[in-house]
Amino acid sequence: MKKKNGLILDVDEKPSMGKWIVLSLQHVFAMFGATILVPILVNNAAGEEVLSIPVTLVASGIGTLLYQLCTKSKSPVYLGSSFAFITPMILAFAKGGKGGVFTGIMAVGLAYILIALIIKIVGTKWLEKLLPPIIIGPMIMIIGLGLAPTAISSIGIEAGAKFVWQNVLVALITFLTTAFVATRAKGFFKVIPFLIGIVAGYVSSCVLGLVDFTPIKEASFFSIPAFQFPFVNYDLDFSSLVIMVPIVLVTISEHIGDHTVLGTIIGKDLIKDPGLARTLLGDGLATFVAGFIGGPSNTTYGENTSVVGMSKIASIWVLRLAAIFAIILAFLGKFTALASTIPNPVLGGVSLLLYGFISVNGLKVLVENQVDFSKNKNVIVSAAMLVIGLGGATISISSGDFSLSISGMALAAIVGIVLNLVLKEDN
């Protein structure tokens, strides 16, 4: 029976055992496709394993449980891998190896925690002034468009590449299936278009003989994830902080947006209770722990909001069990090995749509907030950010043993914020 807020199960309600298990598995699979896609894409671009799928699942599960602890179980949020950090992680790996990646992720978590503390003390007005829509919109667009060459390369249709019709066909099947599900499916299936697209692409790859099943045959049924700990598996490397940390400015805005929408669905103002300071603290601790064990940065997921909105199930009990299931899956060797055998054309096909979605979301921010581009200030800020972010601009400063390099999205964010603060509104 639905309640006044339209929910079947409210945040603090516990379902019966049978429903509890089924609903929790539904949440896990809604997050699964997007969560494991981040390590797959990063590894594919880096040319070797940077992030482990099992560790990513553990980080997602532990992160969700930490978030629930920080928010006093008042916010029905599941945390998963952040797409915003795909390019920064690739660049950080090229610059400082795994040490650069995981040091950067831990620093991102600490940045979240610091901002949460500042908000707790002085409120949020400074954040609203620092990150208006004219900054956030172009930043999100840069994230998506900056990844576009990776998608094209995965399909194998970049300039100079040999045309392989099997690869193109698989990418096309993956892309069209994902697009069809996203636009025509109903109910739970509409929430997992990327997962369904990957499955369709994988099956077609098997038919065309593009899948190497060796990793599955060699994997054991039970295996311990390959955790990466500082000072044990790598040394801290701070060279990537200027690449990673500025992206927090974008993900915090996504964090606020997701909580605002979710609050509307469940009939509660999550920005006030448990409060933005607590939700950011949870996100920050989850991200720090993820980096500490060798996983990607965590973030609130739009898929989670969609599942709650469509199922009308906001029970925190469901999310807790979903987090535990994610951790259990990470220890099933055959299962995670299966994910590692997904061919590049499948990734290219789903990425073609995914990166486009990210870019369009940036445009959506500008449209929904009615940013006026008849004003020269807005044109200048967004134009400078897009050209710098996509043009490969880099500023390097070195003196003796000191070396600092700022490029891409980080440089675009800094330039955009400075321009927005110093330029006056049009007369």
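Predicted model: local features only at pLDDT ≥ 70, side-chain atom pairs only at ≥ 80, totals over all residues.

Visitor: Where is the place of Thr 103, and with which residues is Thr 103 in contact?

Guide: Thr 103 sits in helix α3, a helix being a DSSP run of H or I with at least four residues, numbered from the N terminus. Apart from neighbours within four places in sequence, Thr 103 has contacts (heavy atoms within 4.5 Å) with Tyr 234, Asp 235, Leu 236, Asp 237, Phe 238 and Leu 241.

Visitor: How should I read aromatic pairs, and how many does the count come to?

Guide: A pair of aromatic rings is described by the distance of the centres and the angle of the planes. Rings of Phe, Tyr and Trp (its six-membered ring) pair if their centres lie within 6.5 Å, and planes under 30 degrees apart count as stacked, over 60 as edge-to-face and the rest as tilted. The count by this rule is six aromatic pairs. One of them is the tilted pair of Phe 102 and Tyr 234, with 5.4 Å from centre to centre and 45° between the planes. This pair joins distant parts of the chain, since Phe 102 belongs to helix α3 (residues 86–122) and Tyr 234 to the loop between α9 and α10, 132 residues apart. Phe 102 counts as buried, at 0% relative accessibility, and Tyr 234 counts as buried too, at 8%.

Visitor: Is Phe 222 buried or exposed, and how is its pair with Phe 331 arranged?

Guide: Phe 222 and Phe 331 are stacked, with 6.0 Å between centres and 20° between planes. Phe 222 is exposed, because its relative accessible area is 58%, whereas Phe 331 is partly exposed at 22% relative accessibility. Elsewhere, Phe 227, Phe 229, Phe 288 and Phe 292 make up one aromatic cluster.

Visitor: What is the place of Gln 228, and which residues are its contacts?

Guide: Gln 228 is found in the loop between α9 (214–218) and α10 (241–244), and it counts as buried at 14% relative accessibility. Its contacts beyond four places in sequence include Lys 98, Phe 102, Tyr 234 and Phe 292.

Visitor: Finally, how do α7 and α16 pack?

Guide: Two packed helices are described by the angle between their axes and the distance between the axes. Axes are lines fitted to C-alpha atoms, for helices over the stretch in contact, and angles run from 0 to 180 degrees between N-to-C directions. Helix α7 (residues 165–184) meets helix α16 (residues 344–368) at an angle of about 40°, and their axes are 7 Å apart. That makes α7 oblique to α16, as angles under 35 degrees count as roughly parallel, over 145 as roughly antiparallel, 65 to 115 as roughly perpendicular and the rest as oblique. Residues in this contact include Val 170, Thr 174 and Phe 175 in α7, and Val 346, Gly 349 and Leu 353 in α16.

Terms used
Residues numbered from 1 in each chain as written. Heavy atoms only, no water. Helix = DSSP H or I, 4+ residues; strand = E, 2+ residues; numbered from the N terminus. Buried < 20%, exposed > 50% of the residue type's maximum accessible area, 1.4 Å probe, protein only.
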